[in-house]
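Biologist: Could you take me on a close look at the place where the ligand sits? I'd like one connected walk through that part, please.

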Amino acid sequence: MDTLNSPSKKPRNPNFSSGPCSKRPGYQLHALEIKTLGRSHRSSVGKTALGAVCDKTKQLLGLPDNYLVGVVPASDTGAFEMAMWSMLGVRGVDVFSWESFGKTWLNDIVKDLMLPNVNIYEADYGVLPDLSLTDKRNDIVFTWNGTTSGVRVPNGDWIPTDREGLTFCDATSAVFAMEMPWEKLDVTTFSWQKVLGSEGAHGMLILSPRAVERLENYTPPWPLPKIFKLVKKGKLIDGIFRGETINTPSMLCVADYLDALGWIDSIGGLTGAIRRSEENLAVIADFVSKSDWLSFLAQDQNTVSNTSVCLTLDASPDQIKKMIKLLENEGVAFDIGAYRDAPPGLRIWCGATIEKTDVKLLIDWLEWAYESVVRGGKK
Ligand SMILES: Cc1ncc(COP(=O)(O)O)c(C=O)c1O
C-alpha cells in the first residue's frame, strides 16, 4: 500500500485564526500612512486621523445619520463593558447567551453588576436560545455572531421594533461580514482585529439616539472608572464620537485601521466584504455537504457563521489535536483549533481578509490530514 501523498499546493496564506485575524491580501506594514506617529493624538493630524476612523466607519457601514461612532479603550471587551456599566440597571435585562463570549457578558451582569431583574436565556454550543422569548419592556444583551461556536443570529426580526428597552449587541465578528439591521441595534460594539484584520487594543462603540438618551438620563448606582465615562454633567461627551478619545490611543493601530478601511472600500465596500466572506463559507459548506466525517457545529443551517466557521469531526479529541499539529507543521493552517471551552473541533476564519483560493486549498489539506491521522495514512 502507498502512503498518502500530500496535496501539491499550499494556501498562500496559512493564517486562519479567529482573532487576531489574517491581514488583508497585499498588506504591507511599510505602506501605512504614519505621519501621525510621534505626534500628539490631539494635534490636528492626530485628530484628523481619529475623526476619519469614526466618519469612514459610519460611511462604509451605511449607519443612519443620527447614529454615533466612537473609538474607546480596550478593544471590543472595553467597548461592550463600558456600555453595560454605563447603561444597564434601569430596566429588566434579557440576556441571550450560547457560547463563551455571551457567557462572559452574562457573568458580568449577574455576578459583577448583580442586577436584580435578569432573564437568562442560555443554549449550548451549536444552538441558539429561543430568541422569541424577548420582552419588549426589557433591555436585550446578545452577541450577533458567537465566535466560539460558529452560531450567529440569522437576522434581527426577533427584536421588537416598538421595544421600550435598548439592545446591546456584541458584533465583533459580524460587523463588515454580515448585514446588520441598524434600526434594531441601539448599542453595537466591535474590534479592529476581526473582520478587518487590523490590530487589537481599541474598540468601536456605535450608539443609536435612544442609547444617547439613556446615557444622558440615567446615572448608574455604581462608580465608573475614567475609561468608562461617556457622560459629563448629564451630557454625552460628544467629542469621543469625533475622535477625541478618552485616553491615548495607539496611532500606529489607527493608521492600520484606516488602511483596512481603505481596502474594504477598494473591494466594493460592505457588500464586497460580505460577499467574500460568504463565498469562503460556501467552499466549506460544499465540502461539508459531501463529507462523511466533517459537520458544522451549528445545528441549524440558518445560523451557520460565515466568519468563525466551527466544525466537528468524526475523530477523537486526540486525533483532532494531531491533525491540527500536522497542518501547522506543514505551514498550511495556523490556529484552527476550536476555542478552549468549546467542543473539540476546528474553527476556520472565513472573513473578508481570507482568500477563497486559500480556503479551497485548505480543504484538500484537511482531507489529507484526516486520511493521514484518522484513517491511518494508507490508501
Ligand atoms: C464575539 C466576541 N466578543 C468579544 C470578544 C473579545 O474581543 P476583544 O479581545 O477584542 O476584546 C471576541 C474575541 O474573539 C469575540 O469574538
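Modeller: Happy to! Let's begin with a ligand oxygen atom, which lies 3.1 Å from an N or O atom in the side chain of Ser 191. The protein covers 85% of the 400 Å² of accessible area that the ligand has on its own (Shrake-Rupley method, 1.4 Å probe). Please keep in mind that this is a predicted model, where local features need pLDDT of at least 70 and side-chain atom pairs count only at pLDDT 80 or more, while totals for chains, interfaces and linings use all residues. Residues are numbered from 1 along each chain as its sequence is written, and side-chain values use heavy atoms, with hydrogens and water left out.

Two further side chains are worth a look. Thr 77 has a polar side-chain atom 2.5 Å from an oxygen atom of the ligand, and in Asp 170 a side-chain N or O atom is 2.6 Å from a ligand nitrogen. Pairs of N or O atoms like these count as polar contacts within 3.5 Å; within protein, one must be able to donate a hydrogen and the other to accept it, and residues adjacent in sequence count only if both atoms are side-chain atoms.

Stepping back, the shell around the ligand holds 13 residues, and the closest are Ser 75, Thr 77, Thr 147, Asp 170 and Lys 194; a residue belongs here if one of its heavy atoms lies within 4 Å of the ligand. Helix H2 (75-87) and helix H3 (100-112) each supply at least two residues of this shell, and H2 gives the largest share, with 3 residues. Helices here are DSSP runs (H or I, at least four residues), strands are runs of E with at least two, and both are numbered from the N terminus.

Leaving aside neighbours within four places in sequence, Ser 18 is in contact with Thr 147, Lys 194, Ser 308, Arg 347 and Trp 349, where contact means heavy atoms within 4.5 Å. Ser 18 belongs to the segment before helix H1 (44-61). Ser 18 counts as buried because its relative accessible area is 4%; buried means under 20%, exposed over 50% and partly exposed in between, with a 1.4 Å probe and protein chains only.

Pro 20 is in the segment before H1 too, and the peptide bond from Gly 19 to Pro 20 is cis, with omega near -10°.
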